[in-house]
Amino acid sequence: MARIILAGLITHVTAFALGSQAKTSTSQSIPIDLSPLYNNKAFGTYPGETSFDTLGQSYPAPDLATPEYTSEYTGISYAFPGYTGPNALDNVICTGQTVPSAPPDSYFSASFLVSADKEFAIVSGNVTFTYTDNSTSVYELRSLDWFSFLTINRGELIFPSRFTADGVDGNTSHIFERTAPLDPGKELRAITLPDASSAKDGRLHIFAITLRSGGSAAVDVQAVRPTQKWLESGAQVVEITVNNVGSECVAGSGLVLSLSGDGVRTVDPGYIKRLCPGDQKTVIVGVEAASNKSVDTVIIDGGVAQRSVSFEGVQLGFAEWTTDLDSLAKHESPEWFNGAKYGIFIHWGPYAVTGWGNSTPYESYAEWFWWYSTHHPQADSSDFYDYRLRTYGEDWAYDDSFADFTASNYDPKAWVDLIADAGAQYFVITSKHHDGFALFDAGATTNRSALHYGPQRDVLGELFDAAATYQPSLKRGTYFSLPEWFNPDFGPYGFTQLDPALVPGTSTWPGIAAQNPYTGVQEPYIGHIPVTDFLTDVMLPQMEALAYTYGTDIMWCDCGAANTTAEFAAAWWNAARGENRQVAINSRCGVPEAADFDTPEYLRFSSAQRRKWESNQGMDPYSYGYNRATPDEAYMNANTVVYTLVDIVSKNGNLLLDIGPKADGSIVQAEVDHLLEAGKWIKSHGEAIFNTTYWFVQSEIAGGPDVRFTQTDEAFYVLFLERPILRDGMVDVAAPVPILEGDVVSLVAVQGGGDLAWTVSGEGSKKVLKVEVANELLNKEEFGWVFKITYT
């Protein structure tokens with residue numbers, strides 16, 4: 001069991017939320033009364049009191065002081081009663097209902113508190129907004145699962161446990177926030193929920209809906225939120241969420257935003273060059289202030305006129321990190337990570353010797369060779385058991401692979417050069433996988449490492465040194481498995497991911513020696529040094545070595561069950577700040593409050609997610625480690641790499657793309673070739689990828705063509721993932737892109753593609769941009785056509 005909550009919190013639960021408290025200028029949140037539609041009870045005070053899902057499980061009752069909740073991130077206020085009594089319902093399962101809306105009026109957005117009730121399932125459905133002119137707009141309402149184990153999806157509301165049918169599970173449960181853009185130029189009449197009520201696939205639950213009104217000013221300050229991040233100047237980052245609720249675009253010289261308050265000085269003002277009706281941007285302002293000073297005014301300077309917006313005071317200052325969950329929750333992904341967009345994942349270890357995971361459609365992760373081959377038949381759908389027997393014989397043990405893990409062709413400089421030439425901005429290497437074999441100097445914690453066996457080299461140290469010497473702009477990250485499958489010292493913390501009675505093939509980290517699957521003989525665990533406590537004597541010092549000795553920028557954990565993450569994170573973040581370094585931790589370290597970004601696996605989203613996420617997947621169809629059964633033609637090609645990257649970036653994600661080197665350190669040539677080909681495109685079109693943000697208004701064009709959008713302060717990008725179709729010499733973009741007279745449209749990285757003629761037809765959601773472009777110009781790209789709108 002991971003992250004056990006002390007007794008006494010079972011009926012007194014705190015909902016932890018993301019980041020620092022956001023303050024809003026005026027009360028423009030209009031909650032909708034959903035109580036007439038309630039058809040489910042989510043919150044209970046003891047096991048079995050209610051069934052949020054179909055298994056008799058529920059959230060613990062929150063201890064909110066009022067029947068309201070204000071988002072810590074967006075400043076949106078919700079009617080959120082929480083626990084309403086023993087038999088009273090409190091949420092809506094979506095079955096296509098029409099919501100009794102507020103009086104018809106113009107609204108900027110609709111925000112939802114939502115969750116899905118099935119583990120491992122992402123549940124979504126389209127919400128339809130109907131306006132008084134009978135036009136409609138559609139928004140994909142999506143939720144991650146309400147609880148998960150090992151990989152934790154961090155919600156807006158975090159509960160420290162959940163009730164099962166007959167007990168308490170100490171892993172966290174979550175409720176998520178989603179915001180749909182509306183057409184502020186129209187009056188909203190009705191909201192129709194999706195039908196997402198399948199018990200088999202997972203049901204979508206809505207706890208609250210709030211409409212955001214426009215207010216009296218065209219430029220609306222929705223929220224002001226201090227962070228614990230800082231700019232190059234050393235100024236503290238404060239984020240200001242700004243909406244255009246008017247009828248005209250912010251254009252020309254734009255707006256300059258600053259903050260004022262007692263003892264507060266704006267060092268780095270924020271800028272908005274273009275913001276059109278219905279759009280939202282988050283603006284970064286850098287301030288200097290002594291601890292516990294507050295700001296209470298946003299100053300918006302339009303050049304000709306100034307306007308001040310007052311709001312409740314926001315406390316500033318950098319706080320010392322502590323192990324308290326509220327403290328950890330204030331950490332978030334640094335700006336360099338948000339802007340980096342593209343990293344290379346490297347899975348390398350003794351599992352590269354076995355290097356087999358079968359082939360599609362029967363493929364499984366090759367790096368799990370040891371585990372799968374010892375868990376036959378219940379978990380071995382790819383038949384590792386028979387492959388191991390016919391390849392190595394019945395007396396072979398996994399640790400026999402160490403001698404053949406030679407790294408004889410390992411060239412750290414060639415690796416980092418490849419990463420840079422691929423266009424990536426960072427990399428993450430497996431410092432230690434579940435087999436417990438470390439690629440770094442783990443000191444007195446273990447001799448089970450590349451320094452003592454196999455290469456007898458500090459593999460990770462050499463790679464980090466090469467990056468620092470030859471590619472210093474690359475950020476460096478370390479994958480780190482918190483548990484070890486068969487380390488006997490992990491036994492007191494051993495676990496199964498799911499109930500084996502229900503899922504016989506569930507993943508396990510038992511913490512007991514592996515048994516030879518043919519002879520029953522106990523397999524060795526070479527290099528093991530007995531310790532008193534795995535967490536304090538192995539896990540924590542190894543993480544500290546990666547942080548302080550090797551200077552990792554990203555602690556990319558995996559399988560965060562029992563852990564020392566709170567202690568590690570607080571100390572590391574304090575030390576990093578002292579060195580003027582901004583570092584990151586992923587969502588798999590076992591403490592959701594310490595998670596800076598989500599980590600979906602082999603997964604993409606169909607719409608943007610405000611919370612930062614990083615999708616990880618192999619160039620291999622379904623393996624991270626080297627799989628000799630994968631034919632060259634099955635690896636991701638350059639077109640697919642670019643498509644995947646653009647799609648993810650346009651929805652506020654990063655792509656962490658994996659390669660699995662062979663045991664000698666060479667990399668599959670097909671992977672190298674495709675990375676380099678994709679890298680040429682990425683480098684020549686990088687302005688549309690790196691340091692961009694997603695578009696609040698929409699992510700794709702419904703019904704096609706296959707188009708995505710990104711933007712910077714100075715430009716807007718329309719990225720075609722399929723060849724644009726010419727109609728009368730024009731390419732159509734059916735979306736309300738923020739283009740105005742005088743703007744320049746060009747085809748990025750195409751010679752002769754500058755200053756293309758363009759026109760616009762229609763208004764609002766019916767707007768269509770038409771760009772005149774010659775077929776010969778389109779022929780100059782093989783994939784990924786990027787139109788740039790440069791603001792004047």
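Predicted model: local features only at pLDDT ≥ 70, side-chain atom pairs only at ≥ 80, totals over all residues.

Student: Let us begin with disulfides. How many disulfides are there?

Tutor: A disulfide is read from a pair of cysteine sulfur atoms within 2.5 Å. By this rule, the count is two disulfides. One of them joins Cys249 and Cys276, whose sulfur atoms lie 2.1 Å apart. The link is right-handed, with 110° about the S-S bond of Cys249 and Cys276.

Student: Which parts of the chain does the pair Cys249 and Cys276 tie together?

Tutor: Cys249 sits in the loop between strand 20 (236-244) and strand 21 (255-260), and Cys276 in the loop between strand 23 (270-272) and strand 24 (280-289), so the bond ties together parts that are 27 residues apart in sequence.

Student: Is Cys276 buried or exposed?

Tutor: One reads this from the relative accessible area, where buried means under 20% and exposed over 50%. Cys276 counts as buried because its relative accessibility is 8%. Cys249, at 26%, counts as partly exposed.

Student: What is the distance between the sulfur atoms of Cys557 and Cys589?

Tutor: The sulfur atoms of Cys557 and Cys589 are 2.0 Å apart, and the two residues form a disulfide. With 85° about the S-S bond, the link of Cys557 and Cys589 is right-handed. Cys557 belongs to strand 32 (residues 554-558), while Cys589 lies in the loop between strand 33 (584-585) and strand 34 (613-618), so this pair ties together parts that are 32 residues apart in sequence. Both Cys557 and Cys589 are buried. When the bonded cysteines are numbered in sequence order, the pairing reads 1-2, 3-4.

Student: I turn now to charged side chains. How many salt bridges does a search of the whole structure find?

Tutor: The general idea is that side chains of opposite charge can pair when their charged atoms come close. In this structure, the search finds 31 salt bridges. One of them joins Asp220 with Arg212, with the closest N and O atoms 3.0 Å apart. Asp220 and Arg212 are both buried.

Student: Which residue forms a salt bridge with Glu523?

Tutor: The partner of Glu523 is Arg388, and their closest N and O atoms are 2.7 Å apart. Glu523 lies in the loop between strand 31 (508-509) and helix 8 (534-549), and Arg388 in helix 5 (residues 384-392), so the pair ties together parts that are 135 residues apart in sequence. Glu523 is buried, as is Arg388.

Student: Where do Glu601 and Arg588 lie?

Tutor: Glu601 and Arg588 each lie in the loop between strand 33 and strand 34, so their pair ties together parts that are 13 residues apart in sequence. Their side chains meet in a salt bridge of 2.9 Å, N to O. Glu601 is partly exposed, with a relative accessible area of 32%, whereas Arg588 is buried, at 3%.

Student: Which residues gather in a patch of negative charge on the surface?

Tutor: The patch of negative charge brings together Asp632, Glu633, Asp673, Glu677 and Glu782. Glu782 is placed in the loop between helix 12 (775-778) and strand 42 (785-790), and with 66% relative accessibility Glu782 counts as exposed. Glu677 is found in helix 11 (residues 669-684) and counts as partly exposed, at 34%.

Student: How many residues apart along the chain are Glu677 and Gly423?

Tutor: Glu677 and Gly423 are 254 residues apart along the chain, and their C-alpha atoms are separated by 10.0 Å. For another pair, Thr136 and Trp370, the separation along the chain is 234 residues and the C-alpha atoms are 54 Å apart. Thr136 is found in strand 11 (residues 136-143) and is partly exposed, with a relative accessible area of 46%.

Technical notes
Residues numbered from 1 in each chain as written. Heavy atoms only, no water. Patch = residues over 30% accessible without salt bridge, like charges linked within 9 Å, V, L, I, M, F, W, Y side chains within 5 Å. Areas by Shrake-Rupley, 256 points an atom, 1.4 Å probe, with all protein chains shown as cover. Salt bridge = Lys/Arg side-chain N within 4 Å of Asp/Glu carboxyl O. Lys, Arg positive; Asp, Glu negative; His and termini not counted. Charge placed at Lys NZ, Arg CZ, Asp CG, Glu CD. Helix = DSSP H or I, 4+ residues; strand = E, 2+ residues; numbered from the N terminus. Buried < 20%, exposed > 50% of the residue type's maximum accessible area, 1.4 Å probe, protein only.
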